[in-house]
Amino acid sequence: MSAESLPVAVAQFTVAEEPERNLEIIDGFARDAAAGGAQLLVLPEGLIARRGDDDSYAAAHAQPLDGPFVDGLRRISAQRHIVLMGTVHVAPEVNALESDISESMKDTDSRVSNIFLVIRDGEITAAYRKLHLYDAFSARESDVVLPGDALPPIVDIDGWKIGVMTCYDVRFPETARSLAVRGADAIVISAAWVRGPLKEQHWKLLTAARALENTCYVLACSEVSSRNIGCCRIIDPMGEVVAEAGDEGAELIATGLSRECLASARQIMPVLQNRRFADPQLRD
């Protein structure tokens with residue numbers, strides 16, 4: 001039976017240059033979120049290491065999935081009894097753990113993978129490689145990152161179906177729609193949304209649109225720094241912001257996802273039922 005409410009939290013912070021420091025930051029947020037009752041903590045994109053405007057820095061610090069950083073995330077999840085969601089850059093070498101998760105990750109391309117991880121009780125329960133790479137606004141993520149080729153997964157947390165996406169994926173509504181038609185109650189977005197003219201407006205518009213058009217909750221987390229906007233937010237299925245962080249500094253935002261609110265939105269506005277044209281690929 002599904003829980004009537006799912007307590008969730010979103011952590012906004014600046015990813016440091018040192019992986020060990022980022023594990024300390026994440027552990028602090030996980031401690032505080034769990035103390036507040038949260039069962040899920042959403043983290044930004046590219047958690048291992050970042051350096052300002054140097055897009056190659058995160059890729060240069062990629063690690064294998066069974067390396068020390070992901071081991072640290074697994075330890076935090078187990079010790080704090082909380083589900084962690086966020087992305088890490090993974091080195092191109094294929095190891096046993098990667099092959100267990102996805103055959104699609106087995107390739108010889110020298111670029112790294114930007115992999116969204118779901119970690120529960122100290123175990124990786126789902127993973128997917130970022131689909132749409134940020135080759136826009138003069139950036140070229142595809143120079144160092146390999147794109148994925150499979151739709152993102154949906155995981156179950158206490159009866160709630162949670163879909164996941166990474167950053168630039170939010171600009172492609174079919175990605176979110178694929179999650180909604182497969183039963184997602186909420187969509188988590190892990191991002192490092194770059195600042196710039198209209199970019200904050202785009203972030204707020206797109207995250208609200210993905211919630212409203214799919215009558216899903218959206219939990220949107222962006223890294224905050226001189227480069228990235230922060231503005232983490234939790235949006236309900238009618239497109240209303242129920243919790244929001246600013247564009248500077250570290251913050252933890254939290255709320256409870258309401259089964260009653262979700263059901264009411266889908267009764268009032270049954271867009272998923274009223275769809276007349278369906279792409280069968282979105283149901284894979």
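Me: In which strand is the place of Val118?

Reply: Please bear in mind that this is a predicted model. Val118 is placed in strand E4, which covers residues 112–120.

Me: Is Val118 buried or exposed?

Reply: The relative accessible area of Val118 is 2%. Because buried means under 20%, Val118 counts as buried.

Me: With which residues is Val118 in contact, leaving aside its neighbours within four places in sequence?

Reply: The contacts of Val118 include Val83, Leu84 and Met85, as well as Glu123, Ile124, Thr125 and Ala126. Val155 and Val164 are also in contact with Val118. As for distance, the C-alpha atoms of Val118 and Ser77 are separated by 10.0 Å, and the two residues are 41 residues apart along the chain.

Me: Let us turn to the open sheet. How many strands form it, and in what order?

Reply: The general idea is that strands of a sheet pair through backbone hydrogen bonds, either parallel or antiparallel. In this model, six strands form an open sheet, ordered E7-E8-E9-E10-E11-E12, and their pairing is mixed. Strand E7 (154–157) and strand E12 (241–244) are the edge strands, each pairing on one side only. From one strand to the next, the twist averages 20°.

Me: Which helix packs on the sheet, and which strands does it touch?

Reply: Helix H5, residues 173–181, packs there and touches E7, strand E8 (160–166) and strand E9 (186–191). The direction of H5 makes about 165° with that of E8.

Me: In what sense do E11 and E12 pair?

Reply: Strand E11, residues 233–235, pairs with E12 in the antiparallel sense, over three bridges. Within this pairing, Arg233 stands opposite Glu244 in E12.

Me: How many salt bridges does the structure hold?

Reply: Side chains of opposite charge can pair when their charged atoms come close. The structure holds 16 salt bridges. One of them joins the side chains of Arg51 and Glu17, with an N to O distance of 3.5 Å. This pair links distant parts of the chain, 34 residues apart: Arg51 is in the loop between strand E2 (40–42) and helix H2 (55–60), and Glu17 is in the loop between strand E1 (5–12) and helix H1 (19–35). Arg51 is partly exposed at 39% relative accessibility, and Glu17 is partly exposed at 32%.

Me: Where do Glu141 and Lys130 lie?

Reply: The side chains of Glu141 and Lys130 meet in a salt bridge of 2.9 Å, N to O. Both residues lie in the loop between strand E5 (123–129) and strand E6 (145–146), so the pair ties together parts 11 residues apart in sequence. Glu141 is buried, at 13% relative accessibility, and Lys130 is buried, at 1%.

Me: What is the mean pLDDT of the protein, and where is the pLDDT below 50?

Reply: The mean pLDDT is 92, and 92% of the residues reach 70 or more. Over residues 94–100, however, the pLDDT is below 50. Beyond near neighbours in sequence, this stretch has 16 contacts in the model. Where pLDDT is low, the predicted coordinates should not be read in detail.

Technical notes: Residues numbered from 1 in each chain as written. Predicted model: local features only at pLDDT ≥ 70, side-chain atom pairs only at ≥ 80, totals over all residues. Heavy atoms only, no water. Pairing = 2+ DSSP bridges. Helix = DSSP H or I, 4+ residues; strand = E, 2+ residues; numbered from the N terminus. Axes fitted to C-alpha atoms, helices over the stretch in contact; angles between N-to-C directions. Contact = heavy atoms within 4.5 Å. pLDDT = per-residue confidence, 0-100. Salt bridge = Lys/Arg side-chain N within 4 Å of Asp/Glu carboxyl O. Buried < 20%, exposed > 50% of the residue type's maximum accessible area, 1.4 Å probe, protein only.
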